[in-house]
Amino acid sequence: MHTADIAASVLLLGIIVVSLLSNVVVLICFLYNPEIRKQVPGLFILNLTFCNLLLSVSNMPLTLVGLITKGHPGGSGFCQIVGFLDTFLTTNSMLSMAALSIDRWVAVVFPLSYHSRIRHRDAVIALGYTWVHSLCFSTVATCSSWVGYHQLYASCTLCNVRANGAGTQFIIFTVLLHSLTFLLTLIVLCVTYLKVLKVARFHCKRIDVITMQTLVLLVDIHPSVRQKCLDEQKRRRQRATKKISTFIGTFVVCFAPYVITRIIELFCPGPISPHWGVLSKCLAYSKAASDPFVYSLLRHQYRKTCSHLANKVLKRSPHPSPEGHRSFCRDTEVLHPTGSVLD
């Protein structure tokens, strides 16, 4: 094996381990905490976690085997099943991210009517669409024999079949697939989260005014407490921008190289470096490892559940955290039905 292949194998192995552990933790939190199960976003996160877990135990290990052995992992029929899962799970996970962004947009822009606009029934309908959408594309690809082992990506996935006389149909299918999954999801993420950021910044400005007026009235408050409250307002504005950048940035960084490589492969006759092909596939896989942190484990509710579970396993009693001036600063935050403005 070349040094690049060894590095790619180690990277993929790390992605598999992190993806399995983090997604299992999210699933445990969902099953353990009834409050998470009651919330509509929990259904979208559950679906996303399911896709990531299945991808971690089916496609990623076979890609690792393909990297190490430089050969076809399993028979043709088995590889077609794995290729079907690759298309289905990737498409489903992208659409789940789009559904999550729409849910957060409604929660922030229409906080008072959120529960009437987004109900569990609506979430189930949205998830039904993601499944039908994903099944249609993956079924067409499998029935048309457009899935199999692709040497460029060392995995069972969509294959370029121009040499077999089905080039035009395959090109149209691939362009439609990436347009109605990656591009559609990217547009939805940008539109919804940028609107959320606009509303969040407006809330922060309004909170800043209220906080300053309150601090002026509370003449007996310690100067250090005032300064810390002002610092909290600044951190809130920065946190809103960072979270939006994380939601959109991780999606683009993980999926864009793979999708662009797929499009280049269709229209450019020149060879593509296999090292780049494997790297782009690993980046796409890495989204399954980052999703639990981006959408779940860094949220207060999940952190609290994980802490409670850890204390229960270790048989420790949780220590109450001191409130002090932090409780005063938190009282000025604007909440929506699913948590904080961008939680």
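What follows goes from the whole chain to its helices, its cores and its cysteines.

Keep one point in mind: this is a predicted model. The protein chain has 343 residues, and 48% of them count as buried. Its secondary structure comes to eleven helices and four strands. How much accessible surface does the protein chain have? The total is about 17,000 Å², and carbon and sulfur atoms hold 70% of that. Now look at the contacts in the chain. Among those with a separation of 6 or more, 81% are between residues 24 or more positions apart.

Next, the record. An unreviewed UniProt entry places the feature "transmembrane region" at residues 6-32, 44-68, 94-114, 126-149, 169-196 and 244-264. Take two of these spans and check them against the model. Residues 169-196 are 100% helix and 0% strand, with end C-alpha atoms 39 Å apart. Residues 244-264 are also 100% helix and 0% strand. There the end C-alpha atoms lie 29 Å apart.

H6 covers residues 120-143, which makes 24 residues. From first C-alpha to last, H6 reaches 34 Å. That is close to the 34 Å expected at 1.5 Å a residue. Which residues of H6 are buried? They are Ala123, Leu127, Thr130, His133, Ser134, Phe137, Ser138 and Ala141. After H6 comes Ser145, with a positive phi near 60 degrees.

Now turn to the nonpolar cores. The largest one has 44 residues. Phe44, Phe182, Tyr193, Ile244, Phe251, Phe255 and Tyr295 touch the most other members. Seven helices each supply at least two residues of this core: H1 (3-32), H3 (40-69), H4, H6, H7 (167-217), H8 (223-267) and H9 (274-297). The largest share, nine residues, comes from H8. Follow Phe44 for a moment. Setting aside neighbours within four places in sequence, Phe44 is in contact with Ser96, Ala99, Leu100, Asp103, Ala123, Ala126 and Leu127.

Last, the cysteines. A disulfide is a covalent bond between the sulfur atoms of two cysteines. How many does a search of the whole structure find? The search finds one. This disulfide joins Cys79 to Cys156, with 1.9 Å from S to S. The pair links distant parts of the chain, 77 residues apart. Cys79 sits in helix H4 (residues 76-109), and Cys156 in strand E2 (residues 155-158). The torsion about the S-S bond is about -110 degrees, so the disulfide is left-handed.

Cys79 counts as buried because its relative accessibility is 1%. Cys156 is buried too, because its relative accessible area is 3%.

The cut-off for a disulfide here is within 2.5 Å. Cys29 is buried, at 0% relative accessibility. Cys268 gives a contrast: at 39% relative accessibility, Cys268 counts as partly exposed.

Terms used:
Residues are numbered from 1 along each chain as its sequence is written. This is a predicted model: local features need pLDDT of at least 70, side-chain atom pairs count only at pLDDT 80 or more; totals for chains, interfaces and linings use all residues. Side-chain values use heavy atoms; hydrogens and water are left out. Buried means under 20% relative accessible area, exposed over 50%, partly exposed in between (1.4 Å probe, protein chains only). Contact means heavy atoms within 4.5 Å. Accessible areas come from the Shrake-Rupley method with a 1.4 Å probe; for residues, only the protein chains shown count as cover. UniProt positions are given in the numbering used here, feature names are shortened, and annotations may be inferred rather than shown by experiment. The expected span of a helix is 1.5 Å times one less than its number of residues. A nonpolar core is a set of buried Ala, Val, Leu, Ile, Met, Phe, Trp, Tyr and Cys residues joined through side-chain atoms within 4.5 Å.
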